[in-house]
Amino acid sequence: MRWNLDRFYPQAVADREWRQDKERAISFVVQGEFEQAEELLSFLWTYAYARYCLNTKDKLWKHRLNEVEEIEEKITVQAEEESDQKVEDAIQRQAEMIQEIYKIRFSGLTVFQASTSPHSEIRREAREYLTQQYAAKKERFAELLIQICHDKFPTDPHYLKARQQMLDALPLLQTYLGELVQASGKTKIHWTDLSFLFESEMNDWDSTYSLEQTRSLMGDLHSFFGETLSHLLVNGCLETSEAPHKLQSGFAMPVAFHHEPLCYLHSVRGKEGALGLLHELSHGLHFWAYRDQEKNYLLPDVSVVEIFPMTIELVALHKWEGRISYLQRILSFTLFQFLKVEFKYQIHEKRVQTLEEIQCIWDDLIEMIFGRHLEFERGTNLSWCGSRLVWQEAEVGQRYICGSVAAWNLSKSILDAGKPVLDRVVQTLMLPPSCDLQAWNESLNIDLLGSLTRSVGNERTIHDHHLLHRTDS
Ligand SMILES: [Zn+2]
């Protein structure tokens, strides 16, 4: 599938027309018409970014991106003053250190690709190698982490509620962990291998088949989903491609002026690719649903924007692969992420000052969350250095947990009740992008951060169900 960018500017004259629109945006700024300026700039940025993604070696659109960002900076000086420069610099430096390590080549791949390889031997070797790389810089990583979790650490009130739900649900989650390990037929499983426990039929899926399955699932769930998806695909909102000069990532963005959103995936292969496709198209569907609302070019907050795609992933896994896959995804959405978010929260709460104390918090948390059922090694495990949620802003991690706890609750309601809940989901997707978690709760009539324990407790045990484990068949 390819994007149809001609609906924004005809390719041949795109640069000229883009520059004319940039001049218009500047004149809006000069006249103090900031809202119009922001809408136009958002559109210009999205178009330039899309062109850059298609060819990251193209200097023209990279330059155009910088031009928009410079104008936007002038409008948002006020917002910048509120953020903390010291924390931002530390996050930036940490990200750069990680990028450098990730780029190192390892058995024909980057070490990052090797560390997520489906082959357990390559994965294990790559991870060991990564740990050595982190260990060489661990003092520096610890120093930056202390700066990031310094006194002005933000704590989202929604997060405190989601955090309590997670802590309450831990005993039940651990029961599931134990059952998953047992059902895998293995005696020892490393805690970082949890997402690779079971073989998946989806590992063979290619982009055509994944898209076919996505369309059929969405149409079965709700006619609004099916019709919207068809509309978006006909209008060229999806780009999937494997060329090496294209951006190696996946995302979805709303496009200003009521246009269809843009969904991008570098490649669609296997289970993760198929779920990525489903995830980004779900974002696209959400953006399209609120196209008639005010400020439709904005992205909702991460505590809200991830709920729908994560929910659809969970529902899809339940329908495509059964309950084990569903459980496994819940554990990877919540337990792994919770570990990383809680890690930073505790570094702040306990006012730690040294690498040893940081390492101790990390080890204690892994032991508390995974220790009873999974293998891990105290003291040597340095994966906290390279974890995205550890080096992102604290707000982002906390809101991610709110989103995943909410997705868990919502997926459970959909699987239990079906249509009436899905009708409310459709209405909720149409709320303006500025709506928060509270507004979503009211619209869905579900306490999205509540009753986690009950929703887990109501599940039947996995032994009652057909296991996907291939050695059984
Ligand atoms: Zn997402």
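How many Å separate the centres of domain 1 and domain 3, taken over C-alpha atoms? The separation is 35 Å, in a protein whose bounds, taken from an automatic or database domain assignment, are 5-82 for domain 1, 85-136 for domain 2 and 155-203 + 271-473 for domain 3. This is a predicted model, in which local features need pLDDT of at least 70 and side-chain atom pairs count only at pLDDT 80 or more, while totals for chains, interfaces and linings use all residues. Residues are numbered from 1 along each chain as its sequence is written.

**Overall shape and make-up**

- The protein contains 21 helices and 5 strands, where helices (H or I, at least four residues) and strands (E, at least two) are DSSP runs numbered from the N terminus.
- The radius of gyration, taken over C-alpha atoms, is 23 Å, which agrees with the value near 23 Å that a compact globule of 473 residues would have, by a rule of 2.2 Å times the number of residues to the power 0.38.
- Along the principal axes, the C-alpha trace spans about 65 × 50 × 45 Å.
- Of the 473 residues, 38% count as buried, a label that requires 20 or more other C-beta atoms within 10 Å of the residue's own, whereas 12 or fewer make a residue exposed and values in between make it partly exposed, with C-beta atoms placed from the backbone.
- Among contacts with a separation of 6 or more, 73% join residues 24 or more positions apart, a contact being two residues whose C-beta atoms, placed from the backbone, lie within 7 Å.

**Helices H18 and H19**

- The axes of helix H18 (residues 394-417) and helix H19 (residues 419-429) come within 7 Å and cross at roughly 135°, each axis being a line fitted to C-alpha atoms over the stretch in contact, with angles from 0 to 180 degrees between N-to-C directions.
- That angle makes H18 oblique to H19, because angles under 35 degrees count as roughly parallel, over 145 as roughly antiparallel, 65 to 115 as roughly perpendicular and the rest as oblique.
- Ser413, Ile414 and Ala417 in H18 meet Pro420, Val421 and Leu422 in H19.

**Two individual residues**

- Val426, which has its place in helix H19, is partly exposed, with 16 other C-beta atoms within 10 Å.
- Val426 touches His222 and Phe224, not counting residues up to four places away in sequence, and its C-alpha atom is separated by 8.2 Å from that of Phe225, 201 residues apart along the chain.
- Glu377, found in the loop between helix H16 (355-370) and helix H17 (388-391), is exposed, with 11 other C-beta atoms within 10 Å.
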